[in-house]
Amino acid sequence: MSTFEEFGLPKSVQKAIDELGYTTPTPIQEKSFPVIMSGRDMMGIAQTGTGKTLAYLLPLLKLYKFSHSHIPKILILVPTRELVVQVTEEVEKLTQYMSVRTLGIYGGVNINTQKTAVYQGIDILVGTPGRVMDLALDNVVRFDETTKLVIDEFDEMLNLGFRVQLTSILAMMRPKRQNILFSATMTDDVDAVLNDYFDFPQEVSLAASGTPIEKISQSSYPVANFNTKINLLKHLLKDESMSRVLIFVNNKKHADLIFEGIEEDFGHEFGLIHSNKSQNYRLNTMAEFQLGNLRGIITTDVMARGLDISDITHVINFEMPETPETYIHRIGRTGRADKTGNAISFFTPKEEERKIEAEVLMNREIEVVDFPEHVEISDKLIGSEKSRQPVKFLLKKPKLEGDGAFQEKAKKNQKVNLGGPSKTKKKTHGSVNRNLLKTQSQKRKGKK
């Protein structure tokens with residue numbers, strides 16, 4: 001088993017690693033180090049929780065050379081604001097004994113403040129594609145001396161719709177650079193960008209895409225509906241061994257409903273994170289969770305990728321995700337750093353197919369646990385569960401009952417024209433017109 005000392009890192013970086021308590025590199029760190037050191041483009045396939053951040057930072061810091069220039073030498077692109085904060089903090093920890101200026105930028109905050117920070121000079125820039133492109137188009141961020149580009153969580157960036165921003169940034173950069181890309185899955189879209197912008201990248205794969213982390217115990221409960229899931233969740237949370245919990249849900253509306261459902265019993269123990277929450281709120285909630293002031297977080301998949309949250313004991317899939325790959329990313333939040341983890345999933349009959357798809361991807365069955373007898377099965381459905389009437393049925397006219405003014409008017413409008421009065425009316429109208437014309441003709445003749 002190798003150690004970080006075998007990497008031959010600069011003394012300043014090694015000192016920082018020692019102080020952080022890192023001793024043994026992970027497999028992806030061992031495999032990536034010589035490839036990145038060679039200067040070749042690299043395509044890394046690795047799941048969440050494998051140590052990807054250090055896998056690219058350590059060799060890049062060993063290759064780094066001091067420069068008086070204020071233009072970034074290393075650009076690191078990540079998909080979310082939270083990941084920008086996390087990676088920036090990691091760089092700052094590793095470079096605390098180096099003369100390196102690091103800046104993290106993302107949308108949702110005052111761009112002028114970020115412009116001022118850029119003008120003060122940067123060596124390593126970490127950012128989301130949208131904000132980096134905004135500053136590059138304003139000619140605030142320049143890439144004249146950027147020789148290293150890292151794109152982390154690349155497949156997730158494409159899922160979030162950043163393709164245009166990514167390709168625009170790639171087109172702005174100098175052709176002679178080293179590209180380092182990490183992705184949890186290999187898709188056709190990832191392939192397309194590799195072919196267009198990378199120079200014969202060497203693939204470094206930790207495991208086949210979709211392989212789960214073996215240290216995670218996986219189980220599932222068949223549940224009737226959403227509100228019954230709430231009852232089951234409250235029952236499970238009585239277990240004190242669930243000390244650090246992430247609860248994943250498919251959309252922010254359902255996240256709010258879950259929080260409301262457990263608020264009376266556990267509200268003070270849980271935070272809530274989704275895209276409707278402000279950036280400061282989200283960052284503060286994460287900080288409180290990291291400090292141990294919160295027992296868990298209810299969130300959408302905004303947190304399923306890349307974020308380094310330590311010591312998660314349980315991941316609960318309140319809803320089965322829409323894609324099996326997302327299931328892998330979610331459960332990858334637990335069972336990290338040589339620790340065991342637990343993943344519990346709730347599935348309704350409609351979600352059973354999604355569970356099967358995840359099992360096929362992993363080539364492993366998820367244990368099904370009997371629903372606890374003493375947990376109440378609710379018959380109350382939420383809006384998305386109620387059967388919707390077909391459009392054809394909705395267009396039918398309602399039956400009219402009662403003697404109200406509206407009903408009387410409706411009945412009047414429903415009268416069927418049998419051709420009587422209306423035809424007579426038309427006849428009379430036509431007869432009057434003909435008599436009028438006849439009178440006018442006689443008058444003209446009399447005048448003559």
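**Close-up views of a predicted model**

**View 1. The whole protein.** Here you'll find 17 helices and 14 strands in the protein; both are DSSP runs numbered from the N terminus, helices being H or I with at least four residues and strands E with at least two. Residues are numbered from 1 along each chain as its sequence is written, and side-chain values use heavy atoms, with hydrogens and water left out. Of the 448 residues, 48% are buried (under 20% relative accessible area, 1.4 Å probe, protein chains only).

**View 2. The open sheet.** Seven strands line up in the order β10-β11-β9-β12-β13-β8-β14, with parallel pairing. Two strands count as paired if DSSP finds at least two bridges between them. At the edges sit β10 (270-273) and β14 (367-368), each pairing on one side only.

**View 3. β8 beside β13.** Strand β8 (residues 216-222) runs parallel to strand β13 (residues 341-347), and seven bridges join them. Look for Pro222, which stands opposite Phe347 in β13.

**View 4. Helices on the sheet.** Helix α11 (residues 252-266) packs on the sheet and touches β10 and β11 (296-299), its direction making about 165 degrees with that of β10. Contact means heavy atoms within 4.5 Å; axes are lines fitted to C-alpha atoms, for helices over the stretch in contact, and angles run from 0 to 180 degrees between N-to-C directions. Helix α13 (residues 324-331) lies across β8, β9 (245-248), β12 (314-317) and β13, at about 150 degrees to β12.

Conventions
Predicted model: local features only at pLDDT ≥ 70, side-chain atom pairs only at ≥ 80, totals over all residues. Buried < 20%, exposed > 50% of the residue type's maximum accessible area, 1.4 Å probe, protein only.
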